[in-house]
Amino acid sequence: MIKRSSAKIKHAMGFKISHSNKQKKVKPFYGPENDDGDGDGTNGSLTLISPPDDACYASWLIQHPSALNAFDSITKEAKWKKVVVFLDYDGTLSPIVDDPDKAFMSAEMRMAVREVAKYFPTSIVSGRSREKVKEFVQLSNVYYAGSHGLDILAPPRADKKVNEGAFQPAKLYLPAIQEISIELEDTIRDIQGARLEDNKFCISVHYRQVQPKDREILKERVKSLVENRPEFRLTEGKMVLEVRPSIEWNKGDALNYLLETLGFNNAKDVLPLYIGDDRTDEDAFKVIAGRREGFPIIVSSIPRDTIAWYSLRDPSDVLAFLLRLAKWKKSETSIFK
């Protein structure tokens with residue numbers, strides 16, 4: 001059952017949301033450049049460390065060791081704890097592709113996530129709309145947090161015939177989001193390759209297929225439009241601009257909300273495990289770093305500034321890690337039967 005007990009969640013529906021990522025300061029191996037300190041992941045996080053060669057990546061791995069190589073130490077720490085799993089979608093469970101509508105996850109990855117969710121509470125936390133990411137994942141035993149955590153739905157409960165509904169702290173913004181979506185479409189209409197994706201509480205402007213010479217033009221147009229709409233803010237991901245409501249709510253807040261929903265928010269024996277590849281995932285990494293317990297894991301094949309403690313190279317590494325995690329828990333469970 002999704003709870004709405006905390007003061008922050010109560011204020012969310014009135015747009016007055018105080019930021020929840022107030023952790024103890026933990027010095028990351030690499031801090032975000034030009035970070036304005038507000039934790040929204042909008043400035044300079046995940047910048048490349050130059051040059052991106054094998055030697056540099058090997059050096060970076062010393063600071064952010066492979067979660068596969070560190071698997072035994074991770075499971076040793078997790079043995080007597082409650083692990084809660086959080087997974088990004090694009091670039092984590094599926095490869096990054098030119099056409100966002102074709103970012104399909106493999107059958108093997110779906111099976112791995114299903115197995116993990118049998119043993120650990122599991123959430124998919126994505127910038128996509130909740131409906132879209134659920135359509136991609138096609139699993140009923142996980143939580144779905146779409147629009148960077150602005151639209152959260154729990155799995156259906158066996159004792160409930162009807163799901164209790166989604167938690168949507170930016171619901172009152174929907175009419176304004178629909179308006180700016182139309183304005184954005186008009187703004188980028190003449191830029192070849194530009195694509196608008198309606199993620200319900202977040203409008204994504206994809207420019208991966210835009211000619212390099214036109215990308216700055218697109219960015220300036222979108223930036224100019226959003227600057228005149230104080231109810232929105234602009235963030236940037238991998239070849240995508242995202243227009244989001246101006247409330248202090250991000251993937252880190254979604255992680256905290258889901259932990260609270262599961263009854264784990266204040267538990268001392270809980271270890272959040274978060275795997276993600278995007279700068280927006282840094283907000284969740286910050287939450288885990290602040291707890292000083294858990295496993296923030298970045299997916300990257302190149303050196304990047306990140307607060308994550310561990311890394312995986314690509315979705316194939318993520319698949320291998322999830323399969324090992326499920327297998328480990330299954331063996332642990334069978335021992336005590």
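**Entry 1: the β7–β8 pair**

I began with L234 and looked up its bridge partner in β8, which is V243. This is a predicted model, and I read each pairing below with that in mind. β7 and β8 run antiparallel and are joined by 6 bridges. I then followed the hairpin of β7 and β8, where 2 residues lie between the strands and M239 takes a positive phi near 55 degrees.

**Entry 2: the rest of the sheet**

Next I asked which strand pairs with β8 through residues 203–206. That strand is β6, which meets β8 (residues 240–245) in the antiparallel sense over 4 bridges. Within this part of the sheet I found S204 standing opposite E242 of β8.

Putting the pairs together, I noted an open sheet of 4 strands in the order β5-β6-β8-β7, with antiparallel pairing. The edges are β5 (195–198) and β7 (232–237), each of which pairs on one side only. From one strand to the next, the twist averages 20 degrees.

**Entry 3: the helix on the sheet**

I then looked for what packs on this sheet and found helix α6 (residues 174–188), which touches β5, β6, β7 and β8 and whose direction makes about 170 degrees with that of β5. Helix α6 has 15 residues and spans 21 Å from its first C-alpha to its last, close to the 21 Å expected at 1.5 Å a residue.

Which residues of α6 are buried? I listed L174, A176, I177, I180, S181, L184, T187 and I188. Viewed down the axis of α6, these buried residues fall within an arc of 140 degrees, so they line one face of the helix. I set beside this the general point that an α-helix has 3.6 residues a turn, so residues three or four places apart point the same way. On the other side of α6, Q178 and I182 are exposed, and here I kept in mind that exposed stands for over 50% relative accessible area and buried for under 20%.

I also checked what covers the buried residues of α6, and the cover includes β5, β6, β7 and β8 together with the helix α7 (212–227).

**Entry 4: the whole chain**

Last, I stepped back to the protein chain, which has 10 helices and 11 strands. Of its 337 residues, 54% are buried. Among contacts in the chain with a separation of 6 or more, 64% are between residues 24 or more positions apart. The chain exposes about 15,600 Å², and carbon and sulfur atoms supply 52% of that area.

Technical notes: Residues numbered from 1 in each chain as written. Predicted model: local features only at pLDDT ≥ 70, side-chain atom pairs only at ≥ 80, totals over all residues. Heavy atoms only, no water. Pairing = 2+ DSSP bridges. Axes fitted to C-alpha atoms, helices over the stretch in contact; angles between N-to-C directions. Contact = heavy atoms within 4.5 Å. Buried < 20%, exposed > 50% of the residue type's maximum accessible area, 1.4 Å probe, protein only. Areas by Shrake-Rupley, 256 points an atom, 1.4 Å probe, with all protein chains shown as cover. Expected span 1.5 Å × (residues − 1). Arc of directions from axis to C-beta.
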